[in-house]
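The following note comments on a structural model and is arranged as numbered points. Please read each point alongside the sequence and the structure shown here.

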Amino acid sequence: MVKHRITQGSWDTTQTAEGKRFLADKMVALDPSKAALAYLLCRSLGARRVVEAGTSYGVSTIYLAAAVRDNVAGTDDPAIVYGTEHEPGKVSAAERNLTEAGVAEYVDILSGDLRETLTTVDGPIDFMLVDIWIPMALPALRAVEPKLRSGALVLCDNVVSGATDYADYLAYVRDPDGPFQSVTIPGQGGVEISMKR
Ligand SMILES: C[S@@+](CC[C@H](N)C(=O)[O-])C[C@H]1O[C@@H](n2cnc3c(N)ncnc32)[C@H](O)[C@@H]1O
């Protein structure tokens, strides 16, 4: 129900005090098949530096961290996933979950509003997951875009079920003269996969 209302854009839950209060402890995790897709894309890219817009309790973060861990296995190369989360309780819970999963050393959760925290991230970034309340999707992408390397991929969730509210994001990544080349994969709410030119 919560996810439906968010993805349908029937309720502005994003940054209002009331919306934030209601959503403070809600878990709206990425579908397992989409998280597995993110893992595969990161492995295929050889991703070592990843940004996640929207960490929540860390479900998708575990897949991303496992991917960068596996990409640097047997090397001394560093690897990092930058998570983002503005609810302190979720940050603490995600850190516990990542520790339990054995991947905490590969994750730095940036605590606070991603419109501020993402400005501190250094590039080059190989992969970005956009799984955030919809009005934050384009600001998150714009904050990271200058740091995405050429060929980096951005996976954004629910772009078919939430198409109306994703209009600004989709227009941006689909602009033929813009910085991305993009494709929509339908099913389960749909995902958009965009490649930085
Ligand atoms: C859809 S959930 C992320 C789910 C997560 N990827 C997973 O698979 O478990 C989106 C999260 O983004 C957080 N969020 C929303 N707006 C934010 C903002 N401006 N800055 C940082 N985090 C934000 C919410 O608190 C919420 O936990």
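1. In this predicted model, strand β2, comprising residues 80-85, pairs with β3 in the parallel sense, and the pairing runs over five bridges.

2. By way of background, strands of a sheet pair through backbone hydrogen bonds, in either a parallel or an antiparallel manner.

3. Within the sheet, G151 belongs to strand β5, which covers residues 148-157. Leaving aside residues up to four places away in sequence, G151 touches L45, M195 and K196.

4. Which residues are the closest to the ligand? They are G54, S60, E85, K90 and D131, out of 20 residues that surround the ligand. By class, the shell around the ligand is made up of eight nonpolar, seven polar and five charged residues.

5. A backbone N or O atom of G54 lies 2.8 Å from a nitrogen atom of the ligand. K90 places a polar side-chain atom 2.9 Å from an oxygen atom of the ligand. In the case of D113, an N or O atom of the side chain is 3.3 Å from a nitrogen atom of the ligand. On its own, the ligand has 600 Å² of accessible area, and the protein covers 99% of that area.

6. A further packing contact involves two helices. Helix α7 (residues 137-144) and helix α8 (residues 167-174) meet at an angle of about 35°, and their axes are 8 Å apart. On the α7 side the contact is made by A137, L138, L141 and R142, and on the α8 side by D168, Y169, Y172 and V173. Six of the residues in this contact are nonpolar, two are charged and none is polar.

7. G123 and P124 are joined by a cis peptide bond, with omega at about -5°. P124 is located in the loop between α6 (114-117) and β4 (125-130). Separately, S56 has a positive phi of about 55°, although this residue is not a glycine. S56 lies in the loop that runs between β1 (49-53) and α4 (59-71).

Conventions
Residues are numbered from 1 along each chain as its sequence is written. This is a predicted model: local features need pLDDT of at least 70, side-chain atom pairs count only at pLDDT 80 or more; totals for chains, interfaces and linings use all residues. Side-chain values use heavy atoms; hydrogens and water are left out. A residue is near a molecule or strand if one of its heavy atoms lies within 4 Å of it. A polar contact is a pair of N or O atoms within 3.5 Å; within protein, one must be able to donate a hydrogen and the other to accept it, and residues adjacent in sequence count only if both atoms are side-chain atoms. Accessible areas come from the Shrake-Rupley method with a 1.4 Å probe; for residues, only the protein chains shown count as cover. Ala, Val, Leu, Ile, Met, Phe, Trp, Tyr, Cys and Pro count as nonpolar, Asp, Glu, Lys and Arg as charged, and the others, Gly among them, as polar. Two strands pair if DSSP finds at least two bridges between them. Helices (H or I, at least four residues) and strands (E, at least two) are DSSP runs, numbered from the N terminus. Contact means heavy atoms within 4.5 Å. Axes are lines fitted to C-alpha atoms, for helices over the stretch in contact, and angles run from 0 to 180 degrees between N-to-C directions.
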